[in-house]
Amino acid sequence: MSLLFRHLRVHHIFGANTDVGKTVLTTALVRASARTVPVYYLKPVSTGHQDHADTAHVRRHAPSNHRVFTECLYQYDQPLSPHLAAQLSDRPPISDQTLVNAIASYIRRTANATSQSAHLYVESAGGVHSPTLSGTTQAEAYRPLFLPTILIGDAKLGGISTTIAAYEALLLRGYIVDAVLLFRDSYYRNEEYLKQYFADRNVWVATFEKPPALLSTPDETFTSTDAYYDRLDAESALDAVQHLDKAHAARLAELDSMPRRTLHSVWWPFVQHAHFQSEADVNVIDSASSDFFSIYTKNPLSPTASLLSPQLDSSASWWTQTFGHAHTNTTLAAARAAGRYGHVMFPGATHLPALRLTEALLRGPGKGWAQRVFISDNGSTGMEVAIKMALRAWTKRMGVPSTTAEKLGVLGLAGSYHGDTIGAMDASEKKGVYTCEWHEGRGVWVDPPTVAFVNGQLGVRVPSGMEGEGWYGFESAQEVYDVQGRIATKLQSVYREYVEGMLASLEEERRRVNGPRLAALVIEPLVMGAGGMKFVDPLFQRVLVDVVRSGKEELGLCSVRGEGKAGEEWTGLPVVYDEVFVGLYRVGVESTGPVLGALPDIAVNAKVLTGGLVPLAVTLAREGVFRAFWGEGKEKALLHGHSYSAHAVGCEVAAETLKEVGRLVESPEWREARERWAVREGGEENVWSFWDPVFVKRLSEVEGVVEEVMALGCVLAIKVVDKTKDYTSHAAQNVFEPLKYLHLREDAEHALATGAPGGAPYSVHYRTLGNVAYFMTSLNTKPEVVREVEDRIWGVLETRGAER
């Protein structure tokens, strides 16, 4: 992960191309730095004979004051591109992770070896996109290091283009480009154009005299070259070093000031600011890569330790991360659409990103039931759209004017959450913390049976107030989620009698007092996220759908049948699946319909949809719902939208995300995880998790600390023992607090390499919902990282249990 020190300034040197003078100008920087501080030069990969290696050149022309230290990590004899030299050698292959960890390890060792100010230059090989030993381009492979960068421009013919292209490649990946250095050429004069180009972008540029030509003997060449470096010392090299020092100091000052500035100006979502009074309370995120933040610690334990350390993003940045942070393919997709379209008007129009996304969704989560897709901006808005669709479909079918004064409500589950906009809030009950002054809570919500491991046993807990309340044990997750196989069980009869009895009582009461009518079933399938990570018994949700689709008038349901084609109409009540959180494999399945054995009439996806990069939501619907808005008058249309509806950037990113996810589904990592959960291959209804089932079971056995545990897909939820059961509990926060400070333990520097980029010790960022702590992976989190987090969670709970 990114490394930053107060005493050690580190810069990564990239070239716009091969043979642009990287080593020459790096040597000039080394010499200029060595006038005042020790200097370290690292060449991660070198090819060709050692006598001609870049490290040899730096040593040859370094000042003789014993302040310059050089090292090469991987040397290959063949003077070829690193990937090809590695292929032709008889040495074991070197992965990107091994290479990055070796560089990070060298930097940390260097920082620990000196307490005085020093400079370190890391010189890459060839151009920005030259391959590393594995074949990955350097800009890609070195991104997890996120070191401030110096770009060596190209002074030759065509060099303007290659320099700008290299700069944009670095910029697209988030690199900080502190300076552009290049030679002056009186014929091509690239420096004149590039100085103005980069000045317009606030990038500092320095130009240098070209190096002398080789002379007839090595001694003459050395003397000529050394004199050249002396001239550079007196010319631009010292200015460049001073600029780089200022850039380093400015970055430190910026990071130091961020907590104070944040506390004085920012209004956070879902945060009680009364609990954030100190600058130390603010988690400063400098960058992110794969599953990790790079967080800033102003005062680390050691003065030679990095001020930046990795922190696992174990809330998957609030449920959105799909491939980890700074994922290149989705970033390129965003740039592609931004460059082609920017933002364009969508009503009455079309563009390829929106059309391709729509078609992909109908082939994917909408397969077999959806015919229409409405594109909006976030999950809450997507649910607002869904509710409008459902209510209009119901009123149209029932012959009730859309302007009716009759009160309409929804049937849902207690503890549900569908977003923070008022309409979405009204689809949830008015209690707990998810409420506000205008929130009314329009509907009826039932307390659902839940699934969990308790004391090592997987089972279903039927809540009080329902006949048959209590605990029902199961042998495996596949048995619990085999809804079709459970249809004929006693528990199904219990659920059906309960739901039908409740609806009959409600309808009887409604007719007596002319009360509100239920016009839609709105549920979060399988897992209720923000309401406490409740894993709902899928059989109960299936029964809800079956009952409302029965169309029995005595239950207050619509008995009128639609006139559309089979598969295009809804019956009884429109059924809405809020899959904002659970959809697109967050809980291990593309969509929840196949698990429940019942497809929705309307469904909403967001979160995973855009790979964690930009906001977007989609509401899928049957043709019969769409037809409810059909008519001559505009007032009959779905008049919902915003200026950025179906924005091209989000649509392009979403389409790219769906393609990337499709590749992951067939990966060996997914196959291994599914095997651990005894998944029967070929079935869409199978459930599984990236979290090890044995680990999940063991967690539930930590007596006196853990009440219950459950995992599906990326999600692990741990409910800790506490008398306070609601959102106001701080029990989970208190239990898992040590995970936030693992990187600050005194033994952290001597720990074995971890799965974090650079191999450094890392802390764990997680979220709590009252007495529930949840941990979440991306869809491609490395298994070694998941196992490490399991060990850390187990260690915290084991320690807590021993303290009781």
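## Terms and basis

A residue is called buried when its relative accessible area is under 20%, exposed when that area is over 50%, and partly exposed in between, with a 1.4 Å probe and only protein chains considered. By this definition Phe-146, with a relative accessible area of 6%, is buried.

The model is predicted: local features need pLDDT of at least 70, side-chain atom pairs count only at pLDDT 80 or more, and totals for chains, interfaces and linings use all residues. Residues are numbered from 1 along each chain as its sequence is written, and side-chain values use heavy atoms, leaving out hydrogens and water.

## Overall form

The protein contains 24 helices and 27 strands; these are DSSP runs numbered from the N terminus, helices being H or I with at least four residues and strands E with at least two. Its radius of gyration is 31 Å, close to the 28 Å given by the globule rule for 804 residues, so the protein is as compact as a globular protein of that length. That radius is taken over C-alpha atoms, and the rule is 2.2 Å times the number of residues to the power 0.38. The C-alpha trace spans about 105 × 70 × 55 Å along the principal axes.

Of the 804 residues, 57% are buried. Among contacts (heavy atoms within 4.5 Å) with a separation of 6 or more, 73% are between residues 24 or more positions apart. The accessible surface is about 34300 Å², and carbon and sulfur atoms hold 52% of this area. Accessible areas come from the Shrake-Rupley method with a 1.4 Å probe, and for residues only the protein chains shown count as cover.

## Aromatic pairs

There are 22 aromatic pairs in the structure. Rings of Phe, Tyr and Trp (its six-membered ring) pair if their centres lie within 6.5 Å; planes under 30 degrees apart are stacked, over 60 edge-to-face, and the rest tilted. Tyr-167 and Phe-198 make an edge-to-face pair, 5.0 Å centre to centre with 85° between the planes. This pair links distant parts of the chain, 31 residues apart: Tyr-167 is in helix α6 (residues 159-172) and Phe-198 in helix α7. Tyr-167 is buried at 6% relative accessibility, and Phe-198 is buried at 0%.

Trp-670 and Trp-688 form a tilted pair, with 5.1 Å between centres and 55° between planes. Trp-670 belongs to helix α21 (residues 668-676), while Trp-688 sits 18 residues away in the loop between α21 and α22 (693-699). Trp-670 is buried at 2% relative accessibility, and Trp-688 is buried at 1%. Ring pairs join Tyr-585, Trp-670, Trp-688 and Phe-690 into a cluster.

## Positive phi angles

Most residues other than glycine have a negative phi. Phe-146, not a glycine, has a positive phi of about 45° and lies in the loop between α5 (138-141) and β5 (149-152).

Ala-326 also has a positive phi, near 55°. Ala-326 is in the loop between α9 (316-319) and α10 (328-340), and is partly exposed at 41% relative accessibility.

## A surface patch

Leu-157, Tyr-187 and Tyr-188 make up a nonpolar surface patch with about 410 Å² of accessible area together. Patches consist of residues with over 30% relative accessible area and no salt bridge; like charges are joined within 9 Å, and nonpolar side chains (Val, Leu, Ile, Met, Phe, Trp, Tyr) within 5 Å. A salt bridge is a side-chain nitrogen of Lys or Arg within 4 Å of a carboxyl oxygen of Asp or Glu. Tyr-188 lies in the loop between β6 (177-183) and α7 (190-199) and is partly exposed, with a relative accessible area of 36%.
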